[in-house]
Amino acid sequence: MQITVDLPPDLEDLVRQAALSNIPLQTLILQALRQLTQNLPVSQWSDVVFSYQEISEFPTFESYRDEFPSTS
């Protein structure tokens, strides 16, 4: 796959950084993209949702499921 990217002036430091590191600009950008995509969260749910604990006085979380609109 080939993608052409026009770097804005504030990212032109990448060209200098690649030259100083003696690596092609393409390699530097590829390394940055790989590092960025490896750190993407697996889920968009926050830790607050995952740490939810039911309170016995309230209906269960799943009891509201039928009120959500169908996505299919």
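Residues are numbered from 1 along each chain as its sequence is written, and side-chain values use heavy atoms, with hydrogens and water left out. Because the model is predicted, local features need pLDDT of at least 70 and side-chain atom pairs count only at pLDDT 80 or more, while totals for chains, interfaces and linings use all residues.

**Pocket and patch**

The largest pocket has a volume of about 350 Å³. A pocket is an open set of points on a 1 Å grid over the protein atoms alone, where a 1.4 Å probe fits, with protein on both sides within 12 Å along at least five of seven lines; lining residues have an atom within 4 Å of a point. The volume is the space filled by probe spheres set on the points, which are joined across faces, edges and corners. Met1, Gln2, Ile3, Val5, Leu25, Gln26, Ile29, Leu30 and Leu33 line this pocket. The lining comprises seven nonpolar residues, two polar and no charged (Ala, Val, Leu, Ile, Met, Phe, Trp, Tyr, Cys and Pro count as nonpolar, Asp, Glu, Lys and Arg as charged, the others, Gly among them, as polar).

Met1, Ile3 and Val5 also form a nonpolar surface patch, with about 440 Å² of accessible area together. Patches take residues with over 30% relative accessible area and no salt bridge, nonpolar side chains (Val, Leu, Ile, Met, Phe, Trp, Tyr) being joined within 5 Å; areas come from the Shrake-Rupley method with a 1.4 Å probe. Valine 5 is in the segment before H1.

Helices are DSSP runs (H or I, at least four residues), numbered from the N terminus. The model has one salt bridge, defined as a side-chain nitrogen of Lys or Arg within 4 Å of a carboxyl oxygen of Asp or Glu. Aspartate 13 pairs with arginine 16, the closest N and O atoms being 2.2 Å apart. Both lie in helix H1, three residues apart, about one turn of the helix.

**Exposure and separation**

Buried means under 20% relative accessible area, exposed over 50%, and partly exposed in between (1.4 Å probe, protein chains only).

| Residue | Relative accessible area | Class |
|---|---|---|
| Leucine 20 | 77% | exposed |
| Valine 5 | 57% | exposed |
| Aspartate 13 | 46% | partly exposed |
| Tyrosine 64 | 38% | partly exposed |

Leucine 20 is in helix H1 (residues 13–21), and its C-alpha atom is 52 Å from that of glutamine 53, 33 residues apart along the chain. Tyrosine 64 lies in the segment after helix H3 (47–50). The C-alpha atoms of tyrosine 64 and arginine 16, 48 residues apart along the chain, are separated by 56 Å.

Technical notes:
Helix = DSSP H or I, 4+ residues; strand = E, 2+ residues; numbered from the N terminus. Patch = residues over 30% accessible without salt bridge, like charges linked within 9 Å, V, L, I, M, F, W, Y side chains within 5 Å.
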